[in-house]
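Trainee: I would like to learn how to read a few features of a structure. Please take them one at a time.

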Amino acid sequence: MPVLPSVAVVILNWNGKAFLEKFLPSVCRSTYGNLQLVLADNASTDDSVAFVEANYPRIRVIRNARNDGFAGGYNDALQHVTADIYVLLNQDVEVEAGWIEPVVALMQEDPRIAACQPKMRAYLQPDEFEYAGAAGGWMDFLGYTFCRGRILYTVEKDYGQYNNANDIFWATGAALFIRSECFHQLGGFDRDFFAHMEEVDLCWRLQRAGYRICYCPDSTVFHVGGGSLPQGNPRKLYLNFRNNLMMLWKNLHSEDRWIVLVQRFFLDILAAVKSLVAGKPKDMAAIYRAYRDYYRWRRKYVKKDNLPEMKLMKMTGVFHGIMIWRYYFLRRKKFSELI
């Protein structure tokens with residue numbers, strides 16, 4: 001009988017006792033045969049760690065010295081976890097008992113599959129896809145991210161329309177299966193991101209290194225979303241804009257970089273003006289701060305990898321157009337209408 005790859009489900013926690021009380025029971029019911037469960041705590045100030053230690057002795061606890069966000073928190077914790085496959089799971093995700101087996105089986109079909117995600121549906125509307133990952137992440141030519149089953153704030157119901165396993169551009173960090181060897185080979189997440197877009201950046205680097213990113217429809221998880229920063233929060237907007245620009249600068253082919261970034265600059269100005277007209281000056285300020293800090297970062301940026309440059313249009317999961325144009329002006333709000 002073949003030996004199952006070892007899997008470590010690692011939940012990054014920050015003051016998440018309420019989520020842990022609600023969702024840890026489902027994680028502990030996982031049926032995979034070669035499994036360890038880990039709580040990586042980002043210097044929480046509530047009693048979530050004490051709760052886990054008292055009620056879940058099976059779960060190993062790793063205490064990070066400080067809160068370095070999603071990127072730094074996982075980078076630090078995973079230095080102390082040994083497994084063939086890491087599963088990075090948000091604290092606000094409910095899983096089904098056999099959720100691990102289909103994803104691992106898909107990854108075992110091809111060693112070039114470095115990362116994979118299950119189908120992600122909304123915990124509060126379980127017949128709908130969930131914003132953070134839906135049925136796998138895509139990106140357009142200008143770096144705007146979206147998902148099969150979710151474009152901007154339009155989320156589709158799940159009718160089985162995305163029940164095919166296929167390659168995608170990025171896999172959601174809310175339930176990310178990734179080979180540990182690949183994670184460490186590429187240096188993990190970029191700490192400069194702190195939170196948001198770090199998984200997109202990592203998946204982009206994985207593709208540049210010759211690996212595949214996949215979606216597995218035979219596994220489903222249910223995500224609350226917004227557990228740390230809810231939608232509409234100016235801090236979330238700031239991180240998404242800043243990190244997206246940093247990701248583009250790092251990963252775009254040198255021949256594409258200025259073409260893309262100049263167009264993004266003018267579109268982002270329009271987004272800032274739209275926020276002001278809509279009576280959301282804090283959103284406009286968040287976009288300004290994102291650009292200010294992106295330019296500060298760029299002045300001191302030192303290339304951290306020696307991965308080959310790759311034209312974005314030649315990568316998997318890239319839409320060869322401008323998503324926001326088709327969404328707002330052509331009213332194409334579903335993935336099937338967009339692609």
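Predicted model: local features only at pLDDT ≥ 70, side-chain atom pairs only at ≥ 80, totals over all residues.

Trainee: Which other backbone nitrogen lies 3.0 Å from a polar atom of the side chain of Asp140?

Mentor: That of Gly143. Asp140 itself is found in strand β7, residues 137-140.

Trainee: What does Asp140 touch, leaving out residues up to four places away in sequence?

Mentor: Its contacts include Phe146, Leu312, Val318 and Phe319. Gly321, Ile322, Met323 and Ile324 are also among them.

Trainee: Now a helix. How do I read which way it faces?

Mentor: An α-helix has 3.6 residues a turn, so residues three or four places apart point the same way. Now the case here.

Trainee: Which residues of helix α2 are buried?

Mentor: In α2, residues 48-55, the buried ones are Ser48, Val49, Phe51 and Val52. Seen down the axis of α2, the buried residues fall within an arc of 160°, so they line one face of the helix.

Trainee: What covers the buried residues of α2?

Mentor: The cover includes strands β1 (7-13), β2 (35-41) and β3 (60-63), along with helix α1 (17-28).

Trainee: Last, aromatic rings. How many aromatic pairs are there?

Mentor: Rings pair if their centres lie within 6.5 Å, and the count comes to 25 aromatic pairs. One of them joins Phe169 and Trp204, edge-to-face, at 5.6 Å centre to centre with 70° between the planes. Phe169 lies in the loop between β11 (166-167) and β12 (175-179) and Trp204 in helix α6 (residues 198-208), so the pair ties together parts 35 residues apart in sequence.

Trainee: Are Phe169 and Trp204 buried or exposed?

Mentor: Phe169 is buried, and Trp204 is buried too. For another pair, take Tyr291 and Tyr294: the ring centres are 6.3 Å apart and the planes stand at 90°, so this pair is edge-to-face.

Trainee: Where do Tyr291 and Tyr294 sit?

Mentor: In helix α9, residues 281-300, where they are 3 residues apart, about one helical turn. Both Tyr291 and Tyr294 are buried.

Trainee: Which residues form one aromatic cluster?

Mentor: Tyr291 and Tyr294 form it together with Phe265, Phe266, Tyr295, Trp297 and Tyr301.

Conventions: Residues numbered from 1 in each chain as written. Heavy atoms only, no water. Helix = DSSP H or I, 4+ residues; strand = E, 2+ residues; numbered from the N terminus. Polar contact = N/O pair within 3.5 Å; in protein donor to acceptor, adjacent residues only side chain to side chain. Contact = heavy atoms within 4.5 Å. Buried < 20%, exposed > 50% of the residue type's maximum accessible area, 1.4 Å probe, protein only. Arc of directions from axis to C-beta. Phe/Tyr/Trp six-rings, centres within 6.5 Å; stacked < 30°, edge-to-face > 60°.
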